[in-house]
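Here is a short briefing on one protein chain.

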Amino acid sequence: MEKKPSPNHSEKSLGWHGRPTVTAPVVRLVPGRFLAEQGEPAPSLARKPFYRPLVVGSAILYRPHHGSKRSRWHVHVSPNGLLWPVAPQSRPGLQRALNRHRAMGLRCRLGSALLTPDDVLHAQAMPNVGDGSPLRRHKTLPTEIYGWSLLYQLPHMRSTGVIDAHERFEDLPAYYESALELIDRSTFLAAKGICSRPIALITRPEDFRLLAGSRPCNRFFPHARFLRPSD
């Protein structure tokens, strides 16, 4: 049986405030997975798709360093069954939380939890809506993502959700580059009574190596072209 990591942080200390705030960041999907595996050039940056997902907050994904390669990633979530992420939402708070997890010997990374239809159905718990400004592609650089992970909660879980392990990379959870594949999987789980929430899997500075005389190189997909690590 898989042993669940157990960092000793309360919901209050991690930033649980009862309900999240919805924001709409600009993200860019870097679809270089198959091209990178074949050693072929990735598509030009201009052709990579932009999205503006509705996000209910940052999520901290963690798993033990010494665990099985197939062990799931865990995420602290709200106890109300809606799988809202429980984590500090300020940049300094998130960095402190990541440092605490790593000091306990855990692999960890950040994701952005997306709004789901269940949030809308629970009108009394409807999240606050934040920035609704129109998309401006050229004013600021977008956040880059590898794809969409699926956070789900098994029947015996209460304040924790899980994400499956990546089949190749120990430092990445499983994810989909296709939104249709993500929807198929979440629909399959819903038919079994298992709730889920998409997580945008963002790039991180630790995913890149600095090479002399060139842009930072992604250690998972060195042939794919990235703008910059997300911070």
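In this predicted model, strand S6 spans residues 106-114 and is mostly covered. Of its 9 residues, 9 are buried. S6 pairs with S4 and is joined to S10. S10 also supplies residues to the lining of the second largest pocket.

**Strand S6 and its two faces**
- Leu106, Cys108, Leu110, Ser112 and Leu114 point one way from S6.
- Arg107, Arg109, Gly111 and Ala113 point the other way.
- Side chains in a regular strand alternate between the two faces of the sheet.
- Both sets in S6 are buried, the arginines Arg107 and Arg109 included.

**Partners of S6**
- Strand S4 covers residues 55-64 and pairs with S6 in the antiparallel sense.
- That pairing of S4 and S6 runs over 9 bridges.
- Within it, Ile60 stands opposite Leu110 of S6.
- Strand S10, residues 195-202, runs antiparallel to S6 and is joined to S6 by 3 bridges.
- Here Ala113 stands opposite Ile199 of S10.

- Strand S9 takes in residues 160-163.
- Thr160 and Val162 point one way from S9, while Gly161 and Ile163 point the other way.
- Those residues of S9 are all buried.
- Strand S5, residues 73-76, runs antiparallel to S9, with 4 bridges between the two.
- His76 stands opposite Thr160 of S9.

**The second largest pocket**
- Its volume is about 430 Å³.
- The lining of the second largest pocket counts 20 residues.
- Thr116, Pro117, Ile183, Ser186 and Pro198 lie nearest the centre of the pocket.
- Which elements each supply at least two residues of the lining? They are helix H4 (117-121), strand S8 (143-153), helix H5 (179-191) and S10.
- H5 gives the largest share of the lining, 6 residues.
- By residue type, the lining divides into 14 nonpolar, 4 polar and 2 charged.

**The chain as a whole**
- The secondary structure comes to 5 helices and 12 strands.
- The protein chain has 231 residues, and 48% of them count as buried.
- Take the contacts between residues at least 6 apart in sequence: 78% of these join residues at least 24 apart.
- The protein chain exposes about 12100 Å².

Definitions and conventions
Residues are numbered from 1 along each chain as its sequence is written. This is a predicted model: local features need pLDDT of at least 70, side-chain atom pairs count only at pLDDT 80 or more; totals for chains, interfaces and linings use all residues. Side-chain values use heavy atoms; hydrogens and water are left out. Buried means under 20% relative accessible area, exposed over 50%, partly exposed in between (1.4 Å probe, protein chains only). Two strands pair if DSSP finds at least two bridges between them. Contact means heavy atoms within 4.5 Å. Accessible areas come from the Shrake-Rupley method with a 1.4 Å probe; for residues, only the protein chains shown count as cover. On a 1 Å grid over the protein atoms alone, a cavity is a set of points where a 1.4 Å probe fits but cannot get out, and a pocket is an open set with protein on both sides within 12 Å along at least five of seven lines; lining residues have an atom within 4 Å of a point. Grid points are joined across faces, edges and corners, and a volume is the space filled by probe spheres set on the points. Ala, Val, Leu, Ile, Met, Phe, Trp, Tyr, Cys and Pro count as nonpolar, Asp, Glu, Lys and Arg as charged, and the others, Gly among them, as polar.
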